[in-house]
Amino acid sequence: MGLLTPDPGLLFWMIIVFGAVFFILAKYGFPVIIKMVDDRKAYIDNSLKSAREANERLANIKKESEQILAEAHDEQARILTQAAETADRIVKAAQERAFAEGERLMGEMKKQIETEKESAIRDIRRQVAVLSVGIAEKIMRNKLADTQEQQELIDRMLDEMLESAKK
């Protein structure tokens with residue numbers, strides 16, 4: 001019967017000790033834990049923002065490369081127009097030389113544009129990979145209380161990454 005009915009003195013001391021431990025945790029433990037969680041959230045938000053910015057930069061670089069390509073086509077058209085105008089005044093050899101020069105310039109421009117585009121894409125991919133690895137590493141370090149919380153966090157982060165990738 002003594003196991004089922006606690007002694008009033010024992011009950012009193014258990015309440016006192018519980019209150020003291022709760023007070024100490026509320027005073028010193030909980031604020032530190034909350035600060036760590038807030039810092040972690042801020043870091044993840046910054047990482048996602050950086051990933052979005054990297055995607056935006058990639059889109060801008062794509063637009064710039066298309067613009068440069070359009071300018072190259074305009075330049076090519078201008079050179080071909082000039083070559084057509086001078087065809088009446090210049091012999092066939094001069095016309096062929098101008099056309100060959102235009103093609104060479106166009107080829108060089110295309111190579112340069114392609115090289116810059118590939119370099120930018122490699123850089124963006126490297127930055128996104130570094131950010132993704134960093135986020136994954138932080139998630140693996142931060143052990144959650146149960147598998148449901150882990151699954152919810154993973155689902156939320158995947159949804160956010162998919163939304164930012166669509167933009």
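1. At what angle do helix α1 and helix α3 pack, and how far apart are their axes? In this predicted model, helix α1, which covers residues 8–86, packs against helix α3, residues 147–166, at an angle of about 25 degrees, and the axes of the two helices are 9 Å apart. Because angles under 35 degrees count as roughly parallel, α1 is roughly parallel to α3. The crossing of these two helices, α1 and α3, is right-handed.

2. As for the residues that bring α1 and α3 together, the contact is made on the α1 side by Ile44, Leu48, Arg52 and Asn55, and on the α3 side by Met157, Glu160, Met161, Ser164 and Ala165.

3. Ser47 deserves a separate remark. Ser47 has its place in helix α1, and its relative accessible area is 5%. Since buried means under 20% relative accessible area, Ser47 counts as buried. Once its neighbours within four places in sequence are left aside, Ser47 is in contact with Leu131 and Ile135.

4. Turning to the aromatic side chains, the count of aromatic pairs in the model comes to three. One of them is formed by Phe12 and Trp13, whose rings are 5.2 Å apart centre to centre, with 75 degrees between the planes, an arrangement that is edge-to-face. The two residues of this pair fall into separate classes of accessibility: Phe12, at 47% relative accessibility, counts as partly exposed, whereas Trp13, at 55%, counts as exposed. The cut-off that matters here is 50%, because exposed means a relative accessible area over that value.

5. Another aromatic pair joins Phe22 and Phe30, and this pair too is edge-to-face, with 6.4 Å centre to centre and 70 degrees between the planes. Phe22 is partly exposed, with a relative accessible area of 46%, and Phe30, at 35% relative accessibility, likewise counts as partly exposed.

Technical notes
Residues are numbered from 1 along each chain as its sequence is written. This is a predicted model: local features need pLDDT of at least 70, side-chain atom pairs count only at pLDDT 80 or more; totals for chains, interfaces and linings use all residues. Side-chain values use heavy atoms; hydrogens and water are left out. Axes are lines fitted to C-alpha atoms, for helices over the stretch in contact, and angles run from 0 to 180 degrees between N-to-C directions. Helices (H or I, at least four residues) and strands (E, at least two) are DSSP runs, numbered from the N terminus. Angles under 35 degrees count as roughly parallel, over 145 as roughly antiparallel, 65 to 115 as roughly perpendicular and the rest as oblique. A crossing is left-handed if the near helix is turned anticlockwise from the far one by less than a right angle, and right-handed if clockwise. Contact means heavy atoms within 4.5 Å. Buried means under 20% relative accessible area, exposed over 50%, partly exposed in between (1.4 Å probe, protein chains only). Rings of Phe, Tyr and Trp (its six-membered ring) pair if their centres lie within 6.5 Å; planes under 30 degrees apart count as stacked, over 60 as edge-to-face and the rest as tilted.
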